[in-house]
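Here are my notes on the pockets and the surface, as promised. Have the structure open while you go through them.

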Amino acid sequence: MRRFKYAYSALVYYGEDIGTSIDRVARFGYDGIELLGQPETYDAPAVRRRVADAGIAVSSISSVISADRDFAHPDPEIRANALAYLNSLTDLAVDVGAPVIVGRPSASMKLLPLADPDDEWRWAEDGLRAAGEYAAERGVSVALECWTRFETYFLNRLEQAVELWEAIGLSNGGVMGDTFHMNIEESSLGDAIRRAGPHLAHMHLADSNRLPPGYGHADFHEVLRALDEVDYTGWLAFELLPDTADPFTVFRAGGHADFFDRYTRDAITHMRRLEAELGAA
């Protein structure tokens with residue numbers, strides 16, 4: 001069993017100075033930190049210095065796709081906003097040394113198409129190709145993420161993301177698996193990973209209740225076995241959220257203390273233990 005690279009998403013360190021977050025993940029033995037896709041909130045040179053001093057890396061940039069930036073929207077201005085936004089994440093990735101950005105084709109909570117679904121697919125394909133070409137010129141990869149049917153109608157399973165990535169026709173990236181979403185949409189976590197195989201460019205980890213692995217019922221032995229079988233060498237980033245309908249209300253109210261030290265520690269401890277068990281099997 002290989003030793004995987006783990007990162008923790010700064011998303012859940014809501015309101016905290018990024019330097020403090022970097023020091024925490026380094027202290028708990030992480031290899032990197034995933035930044036939230038809000039370039040305006042970061043002093044990129046300072047972040048780059050801080051991760052270097054801490055002996056870790058910026059693993060990735062996770063995008064925030066809202067209704068006003070949607071690659072699959074009938075309004076050309078909204079599609080242009082999506083492209084400009086993803087390009088800004090590429091620029092941030094270059095500035096902080098991150099190898100990959102997470103690209104989402106459509107907006108969060110868009111549960112039905114606003115136009116002919118074939119047109120929305122074509123718009124997404126064209127926009128993501130342009131974003132991928134911009135990223136390729138700068139040495140950055142793009143990973144397409146799937147969400148559950150409760151958050152989008154567009155890309156729910158890895159096989160759909162692979163189809164879109166193959167239609168885009170680029171080599172700098174692929175698809176991203178998220179075990180929380182996969183637990184709902186895929187019939188088997190391991191088989192979905194195996195089928196995606198060489199197209200996997202990034203992974204998010206969270207249990208079935210979106211808490212740390214070991215807090216729910218997802219089979220992370222199977223996840224690690226499958227990733228090992230497909231020779232996955234990318235990052236495994238924990239993107240954990242409160243188990244409620246609107247986690248950001250919880251964040252704003254300050255009710256997420258567990259996500260700081262406790263969940264940061266428990267997430268990587270659990271996965272390293274599973275690696276050791278599988279290595280000894």
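1. Strand β7, residues 200-205, is the top contributor to the lining of the second largest pocket, giving 3 residues. Keep in mind that this is a predicted model.

2. The second largest pocket holds about 170 Å³ of space. Its lining includes Leu200, Ala201 and His202, along with Lys5, Pro99, Val100, Ser141, Ser171, Gly173, Pro198, Gly234 and Trp235. Sorted by class, that lining comes to 6 nonpolar, 5 polar and 1 charged residues.

3. Now for the largest pocket, which has a volume of about 1,000 Å³. It is lined by 38 residues, and those closest to its centre are Leu11, Leu36, Leu241, Pro247 and Phe248.

4. Which helix gives the most to the lining of the largest pocket? That would be α9, with 3 residues. Helices α1 (18-27), α6 (179-185) and α9 (247-252) each put at least two residues into this lining.

5. Leu111 sits in the loop between β4 (100-103) and α4 (117-136). Why does Leu111 count as partly exposed? Because its relative accessibility is 39%, which falls between the 20% limit for buried and the 50% limit for exposed.

How values were computed
Residues numbered from 1 in each chain as written. Predicted model: local features only at pLDDT ≥ 70, side-chain atom pairs only at ≥ 80, totals over all residues. Heavy atoms only, no water. 1 Å grid on protein atoms, 1.4 Å probe; cavity = no way out; pocket = protein on both sides within 12 Å on 5 of 7 lines; lining within 4 Å. Points joined across faces, edges and corners; volume = space filled by probe spheres on them. Helix = DSSP H or I, 4+ residues; strand = E, 2+ residues; numbered from the N terminus. Nonpolar A, V, L, I, M, F, W, Y, C, P; charged D, E, K, R; others polar. Buried < 20%, exposed > 50% of the residue type's maximum accessible area, 1.4 Å probe, protein only.
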